[in-house]
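Please look over the sequence and the structure before reading on.

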Amino acid sequence: MTVDGVPLDEAVTPVEVQPRDEVSAEAPAGAIEDIYLPPSFIHSARGWLRRFVRTKFGLVSIILMVLLAGMALFAPTLAPYNPNSIVGPPFASPFGHYLFGTDEIGRDVLSNFIYGARVSMVVGAASGLLALLLGCVIGGLAGYLGGVVDVVLMRFAELFMVIPSLILAVVVVALLGSQLLYIVLIIGFTLWPQEARIARSQFLTLRERDFVHGARVAGFRWSHIVFREILPNAIAPVIVQVTLDAGSAILLEAGLSFLGLGDPSMPSWGKMLQDAQSYLTTNQWLSIFPGIGILFAVLAFNFLGHALNEVMNPRAPRVSALSLGGHMVLRPLATSWRRPGARGIPEGSVL
Amino acid sequence: MSIPASRTPTDDYPAEGSPLLDVRGLTIHLSVRDRVVKAADDVDLQVSAGECVGLVGESGSGKTMVARAVVGLLPTVKLDRRDGEIFLDGTNILGLRTKELRRARQGRVSMIFQEPASYLNPTMRVGKQIAEALPKEAARGDQTETVRTLLVQAGLPRGQRVERRYPHQLSGGMKQRAMIALALASNPKLLIADEPTTALDVTVQAQVLQTLRHLHQQRSMAILLITHDFGVIAEMCDRIYVMYAGQIVESADAVTLFTKPRHPYTRLLLDSLPGRRQDGSGQLLTGSIPDLSMLEQGCRFAPRCPFASEPCKEDQPLRIRSNGDAVRCVLEDAAEDGGKASHPGLSVVEAGGHT
Amino acid sequence: MITYSVRRILHSIPLFLSVLIMMFILLQLTPGDPIQDLIGAYPVPPAYRATLVAEYHLNQSLPARFVYYLWNMLHGNLGYSYAGHTSVTSLIFGALPNTLLLVAAGTVVSMVFGILLGFLPVLMGGRFVDGVVNVGVVAGFAIPTFWFGQLLILFFAVHLGWFPVSGMGPLFGADTGIAGIFQHIQYLTLPVLALSIPALANITRVQQQSGLEALGNDYIVTAELKGLSAGQIIRRHVLRNSLLPVVTVIGYGFGTAMAGTVLIENVFGWPGIGNLLILSINRRDNQVIIGIVMVAAAIIILTNLVTDLIYGALDPRIRARS
């Protein structure tokens with residue numbers, strides 16, 4: 001999940017969404033055509049956005065995203081100076097004439113900060129999308145086709161998981177070049193195995209579901225089955241992973257720039273930190289602002305992922321499990337109750 | 001379905017002396033998502049030493065909640081109301097603090113559950129888990145032998161070395177037997193079995209029940225058997241309580257209950273059992289159990305009762321007969337007075353029901 | 001257990017080889033003169049070229065060169081670094097112990113504190129502790145480790161002066177004996193702290209989730225009914241079972257700490273293979289780069305293997321499944 005690329009292993013999938021293939025309440029029940037309706041994931045899209053914003057993470061992530069995207073898009077308008085020009089004395093203190101101060105040459109830190117959002121947001125979004133695409137295709141193929149294809153593809157994915165993302169990215173960029181496009185590509189390539197693994201397990205379980213069997217029997221073409229039946233249901237947890245990996249992508253890019261391997265033509269927060277590195281003992285401000293930028297950009301994407309997770313995977317209210325001892329065995333413990341059945345009555349064995 | 005010939009109506013009910021388990025007026029209301037779920041209302045239940053008592057009801061009847069209350073497993077959060085008394089061997093355990101609760105349970109009551117797989121620790125050997133339940137004083141070497149003996153008593157032969165295995169290496173029936181052995185380890189006077197055979201194959205069901213019956217007789221261990229399956233009840237129990245929507249609606253000894261069920265719910269339930277009615281007559285049980293958070297005043301079964309009438313709109317108390325049987329129905333008042341006619345349909349049951 | 005172990009070990013070998021293949025292909029794609037890439041930034045006299053071509057079998061096919069490289073590697077020969085004036089092997093293995101020290105210490109720190117912090121909400125319950133730990137985990141995942149390292153330096157080294165700003169030890173006159181160990185720890189502290197953050201966040205998160213999940217299991221009910229005390233239940237049933245996924249995370253976290261070290265060593269001037277990697281990149285010393293990647297991959301594959309074996313020993317279900 002982070003740059004130094006902590007991989008998620010088998011036992012720790014953060015999101016397990018139960019795909020909903022029951023027909024939603026709004027659709028007419030009972031007709032045979034119901035089996036072939038698009039999955040209710042889309043039906044419930046209406047209340048989606050509302051629920052999303054209600055979660056704390058959702059609201060904050062939207063605000064952050066808007067701010068950061070705004071910074072990135074409107075950088076020329078927002079930035080007071082050209083980030084590359086020398087505008088004043090070096091090492092000017094912040095909160096004076098220059099809001100964030102000036103760097104070791106005399107460039108305006110605020111302008112560099114604003115422009116730095118561009119690289120981070122582009123890398124985050126683009127690498128995330130690339131990972132999404134690659135992950136879904138490769139993971140989906142592996143899960144749907146199974147057999148030898150599955151084994152081969154997963155071994156291939158494992159290859160990328162064994163080499164830590166940063167090391168791979170560093171080596172490839174060092175060997176092949178550090179243009180932004182390459183950076184986006186290579187970061188996307190280091191991250192896709194996570195998505196692939198989730199996509200694969202989703203496809204594996206979903207292809208055995210009744211609505212897929214029904215579609216096959218009814219004679220739908222495989223492309224319809226895959227894209228309109230399975231994929232919408234499978235994609236939810238993958239998207240959550242993508243948002244988290246977008247955060248990793250931002251950290252990776254920052255790390256590359258910090259090491260001097262970033263795109264030299266664009267201002268980048270990582271590069272600013274690299275400059276700050278030489279002057280740690282003399283000037284601390286250079287290091288503070290870019291780091292905050294990176295932190296909040298990653299948080300924006302991570303919060304987005306958390307909010308999506310909560311919306312699609314609602315966690316039942318937590319109840320103390322060891323309260324079954326008649327009284328608390330220890331002070332109130334939090335755990336997740338079994339997911340409640342309909343109508344708020346605890347399911348099955350409780351009553 | 002016929003009553004086993006070995007069972008005859010008993011005269012000596014209630015058993016002399018105070019019962020091993022005496023539940024009085026147990027009321028449990030849960031608050032779930034701003035609604036109050038009345039899981040149990042004014043439940044009275046007794047189990048005497050050495051007896052086998054059945055508690056029958058559908059899911060949502062409250063039987064599991066009562067079972068959990070008896071062993072002290074009630075959730076304390078989300079508890080809206082908790083009244084009544086649960087006397088276990090003389091001690092009221094309702095509302096006890098943990099330490100006393102443990103002391104009260106030890107050696108007196110044990111419980112086995114429907115899904116043995118989830119109730120066993122998957123990473124611990126079965127023998128070790130059973131040994132954990134033994135009284136602390138036993139020496140280590142004795143423990144192994146005791147565990148083996150318990151397993152044998154539960155129907156797992158010594159040669160199979162079940163104690164060395166992990167739960168996932170056992171079949172469903174074997175797991176349930178391991179659970180039974182575990183429950184026996186503390187030498188309880190009362191064993192509560194919550195749907196012990198529901199999750200098992202039919203053939204295995206019969207075997208496990210046989211084991212339970214065996215233990216019941218050998219150890220003079222009382223059993224409170226909770227199930228929705230009348231067949232199981234018929235095989236095992238001396239007395240039966242029927243629950244509906246959180247209340248006891250009928251209680252009687254087994255023979256009486258099966259031959260002369262009094263509460264309409266019991267009658268309809270029995271009627272709907274396959275083989276009960278050869279002639280295809282009788283009424284169907286329609287509708288579904290009520291939402292326990294939206295109960296209205298009056299008899300809770302009235303909405304589905306074919307005999308419902310004006311008086312049923314009042315809350316119905318339990319009518320207790322001289323022999324201890326109880327029925328929660330207004331029809332019972334008239335019947336007690338001797339008028340057979342006021343039990344519509346009863347004569348039909350008596351005529352054609354018993355096969 | 002034996003079959004499981006053997007299968008896992010056998011699994012690792014082709015993995016290692018495929019990493020090597022990938023690196024080779026990568027080298028092929030690199031623009032530039034392969035001979036120049038070998039040498040680095042020095043001009044190559046034409047006469048010398050022929051010798052090099054012969055020595056490195058550059059006029060042979062890719063698979064052949066691959067086999068030669070592998071053969072050499074198995075004999076401990078990873079090539080020669082012209083910029084470093086010594087064999088690649090001695091360069092790498094000179095720096096490796098420093099990195100391993102850092103990574104090992106970081107793993108220990110993240111393990112100890114991760115398990116403690118992650119289990120805390122399980123023990124104490126309540127939304128507050130749970131919330132605080134969650135905030136910490138989120139922050140830990142989002143913060144760039146190298147920036148955190150800089151912040152640590154700014155506050156604890158520059159501002160407070162409690163720790164040195166950089167390096168692994170003083171340039172001259174390092175202390176010996178007990179004082180030496182103490183001094184060593186002084187230099188270690190800040191880099192280890194910074195390095196351990198991502199792993200710490202992950203371990204905390206996994207331990208928390210797994211602990212809460214274990215607590216909600218039905219066999220806890222059984223344990224309660226058996227008459228076990230709260231402490232016994234926590235120790236024997238909750239903690240033990242919840243540690244299983246954590247073991248995997250710790251083990252795999254070692255590998256990612258290896259990556260993090262590239263950045264941390266840069267920030268703290270720590271003479272390990274991370275720094276060597278960057279140095280070699282700047283000097284275009286490709287032999288060293290490949291060597292470092294292969295050594296790192298070997299170490300990571302090895303630790304992953306050990307982790308899987310330990311996990312198999314602890315959880316009987318895994319052995320049964322495979």
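## Terms and numbering

A residue is called buried if 20 or more other C-beta atoms lie within 10 Å of its own, exposed if 12 or fewer do, and partly exposed in between, with C-beta atoms placed from the backbone. Helices (H or I, at least four residues) and strands (E, at least two) are DSSP runs numbered from the N terminus.

This is a predicted model, in which local features need pLDDT of at least 70, side-chain atom pairs count only at pLDDT 80 or more, and totals for chains, interfaces and linings use all residues. Residues are numbered from 1 along each chain as its sequence is written, while chains are lettered from A and ligands numbered from 1 in the order in which they are written.

## Helix α5 of chain B

In α5(B), the buried residues are B:Val147, B:Leu150 and B:Leu151. Seen down the helix axis, they fall within an arc of 95°, so they line one face of α5(B); the arc is that of the directions from the helix axis to the C-beta atoms. An α-helix has 3.6 residues a turn, so residues three or four places apart point the same way. The face turned away from the buried side of α5(B) carries the exposed residues B:Gly141, B:Asp142 and B:Glu145. The buried residues pack against α4 (126–132) and α6 (172–184) of chain B, where two residues are in contact if their C-beta atoms, placed from the backbone, lie within 7 Å. Just after α5(B), B:Gly155 has a positive phi of about 100°.

## Chain A and its helix α7

Chain A has twelve helices and zero strands. Of its 351 residues, 50% are buried. Among contacts in chain A with a separation of 6 or more, 66% are between residues 24 or more positions apart.

Helix α7(A), residues 165–176, has end C-alpha atoms 16 Å apart, which agrees with the 16 Å that its twelve residues should span. Eleven of the twelve residues of α7(A) are buried, including A:Ser165, A:Leu166 and A:Ile167. The buried residues of α7(A) pack against α8 (180–206) and α10 (222–258) of chain A, and against α1 (2–29), α10 (230–268), α11 (273–282) and α12 (286–314) of chain C. After α7(A) comes A:Gly177, with a positive phi near 125°.

The contact of chain A with chain C takes 55 residues from chain A and 63 residues from chain C. On the chain A side, the largest share, nine residues, comes from α7(A). That side has 36 nonpolar, 15 polar and four charged residues. Here Ala, Val, Leu, Ile, Met, Phe, Trp, Tyr, Cys and Pro count as nonpolar, Asp, Glu, Lys and Arg as charged, and the others, Gly among them, as polar.

Key: Expected span 1.5 Å × (residues − 1).
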